Amino acid sequence: MNKIYIDGNSLTIEDVIKVARNGYEVEITEESSERVKKSRAVVDDFIEKGKVVYGITTGFGKFSDVVITGDETRDLQRNLIISHACGVGNPFPEEVVRAIMLLRANALSKGFSGIRLSTLNTLIEMLNKGVHPVVPEKGSLGASGDLAPLSHMVLVMLGEGEAFYKGKRLSGKAAMAEAGIEPIHLTSKEGLALINGTQVMTAVGVLTIYDTIKLIKLADISASLTLEALNGITDAFDPRVHAVRPHQGQQTTAKNILTLTQGSKATTKQGEIRVQDAYTLRCIPQIHGASRDAIDYVVNKINIEINAATDNPLIFADDQTVISGGNFHGQPMALAFDFLGIAIAELANVSERRIERLVNPQLSGLPAFLTAKGGLHSGFMIAQYAAAALVSENKVLAHPASVDSIPSSANQEDHVSMGTIAARKARDILFNATNVLAIELMAAAQAIDFKEPEALGNGTKIAYTKIREQVETLHEDRIMYLDINKCADLIEGHQIVDAVENTLGISL
């Protein structure tokens, strides 16, 4: 049985993908179990002694100055969950919910949250048995963490709310019963421990960054196909050019273009046809490379966040100290996910401009809109329209969410991150960019068919073959969205990137 062991410190992006998409089971390590128990003992001690501690013996937010008696602590935690479950909109996809559950369990396993081990194990059991809470996409301010969506997750733990189980949408109570899981009764600190964190924004961000890492490689492949279709000049990718401006992403992209087009008879040297190419060809390393560097930055931030304690208050069991801080604040991730959205949007922007160069006969020297019977047939005319619409929408979506803040909880929580909105926007931008690049792949392959496919480079020939396995050359007009969807599926399934890397034995 495939399994991931969590300890709060060593989870990777790849681990999240294995659990979220590939159904790996999860188990907490023995060492982490002991830390969780030790942290819980501190909470129990505070309750017994009647100490006033935020979220344990007080209300929440503006009500932090209201002291709760020991007998009321269970009601306090339940009331927290049912009152905070205010999400709206469509539910997150199953893979996102699985990532949310994993990330929250991993954060709790660090042993700074004061939750009971039995409660944490219930969350893990739900994940392993496929009880996936219905979590609406909208309603989080990104501080104090993802309160509303995480509350929907916890509702099901209580036998409330709704969940998907074996393809059916059920009440939380029915889903837990069918899975053979006993609902829990929260006690002191546990409700707060379960919802006070950044795991929703981070879950969306992890899945998005994983696909974006593949997309940047695909963008280099797509650009290389277009370069060959337009007899582009390879001198601009000479490593000496990029060594004197040594941004890592720029250097990597330039190397990729040369690797993919190695052996090509379609590319040219400067002066053979023209002295230099337009920016969308000549500046591929600078444009794609900048997005690569942005992606690397976001990966670094995600690797920190998926192994972070984002609860409040934090319990340091070694000296029985409880500190009320702000690790739930999503600002570090909000900025990162806004940056990610911008980086992805730029890949689509430059791809659409390359599509224009392919379909415009004044720029390409090819038949107008890549059809041999222009007038009778429209060819790729409206495919370019669709790409233009998608990049225009991305420009709206790329406006940073993190520059906005609305005070909440009677101004106790007077600056919030909007990080979950930033993550969701980045995911939407990724979808649009994927389809723009799908159109470029189709257009580049069509342009190459007017020339000589056998002249392609070692890497681009592999990509061209994968495209043609799914999408035939366009001889007469046909329903284009079906072809776009097929190419988008190739991208989303990472089939082209994997085929190129595996065949050439390289990592782009």
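## Close-up views of a predicted model

**View 1. Pro-313 sits in a loop between helix H13 (284-305) and strand E8 (314-316).** This is a predicted model. The peptide bond joining Asn-312 and Pro-313 is cis. Its omega is about -5°. Most peptide bonds are trans.

View 2. Ser-144 belongs to the loop that runs between strand E5 (136-138) and H6.

**View 3. Helix H7 (residues 172-179) has buried residues.** These are Gly-172, Ala-175, Met-176 and Ala-179. Down the axis of H7, the buried residues fall within an arc of 95°, so they line one face of the helix. Their packing partners are helix H5 (117-129), helix H6 (147-157), strand E6 (162-165) and strand E7 (168-171). Turn to the face of H7 that points away from the buried side: Lys-173 and Ala-177 are exposed there. Just after H7 comes Gly-180, with a positive phi of about 75°.

**View 4. Helix H4 (residues 94-108) meets helix H9 (residues 199-229).** The two axes come within 8 Å. They cross at roughly 125°, which makes H4 oblique to H9. The crossing of H4 and H9 is right-handed. H4 brings Glu-95, Val-96, Ala-99, Ile-100, Leu-103, Arg-104 and Ala-107 to the contact. H9 brings Gln-199, Val-200, Thr-202, Ala-203, Val-204 and Leu-207. Sorted by type, the contact residues of H4 and H9 are 9 nonpolar, 2 polar and 2 charged.

**View 5. Helix H17 (residues 419-449) packs with H16, their axes coming within 9 Å.** The crossing angle is roughly 160°. That makes H16 roughly antiparallel to H17. H16 passes H17 in a left-handed crossing. From H16, the contact takes in Ala-383, Ala-386, Ala-387, Leu-390, Val-391, Glu-393, Asn-394 and Leu-397. From H17, it takes in Lys-425, Asp-428, Ile-429, Asn-432, Ala-433, Asn-435, Val-436 and Ile-439. The residues in this contact of H16 with H17 split into 10 nonpolar, 3 polar and 3 charged.

**View 6. Thr-253 lies in helix H11 (residues 248-260).** Its relative accessibility is 0%, so Thr-253 counts as buried. Set aside its neighbours within four places in sequence. Thr-253 is then in contact with Asp-220, Ile-284, Pro-285, His-288, Gly-289 and Arg-292.

**View 7. Leu-370 has a positive phi, near 60°.** Leu-370 is a residue other than glycine. Most residues other than glycine have a negative phi. Find Leu-370 in the loop between helix H15 (361-364) and helix H16 (381-397). Leu-370 is buried, with a relative accessible area of 0%.

**View 8. His-494 also has a positive phi, near 60°.** Look for His-494 in the loop between helix H19 (480-492) and helix H20 (495-504). With a relative accessible area of 10%, His-494 is buried. The cut-off for buried is under 20% relative accessible area.

Key
Residues numbered from 1 in each chain as written. Predicted model: local features only at pLDDT ≥ 70, side-chain atom pairs only at ≥ 80, totals over all residues. Heavy atoms only, no water. Axes fitted to C-alpha atoms, helices over the stretch in contact; angles between N-to-C directions. Helix = DSSP H or I, 4+ residues; strand = E, 2+ residues; numbered from the N terminus. Parallel < 35°, antiparallel > 145°, perpendicular 65-115°, else oblique. Left-handed = near helix turned anticlockwise from the far one by under 90°. Contact = heavy atoms within 4.5 Å. Nonpolar A, V, L, I, M, F, W, Y, C, P; charged D, E, K, R; others polar. Buried < 20%, exposed > 50% of the residue type's maximum accessible area, 1.4 Å probe, protein only. Arc of directions from axis to C-beta.
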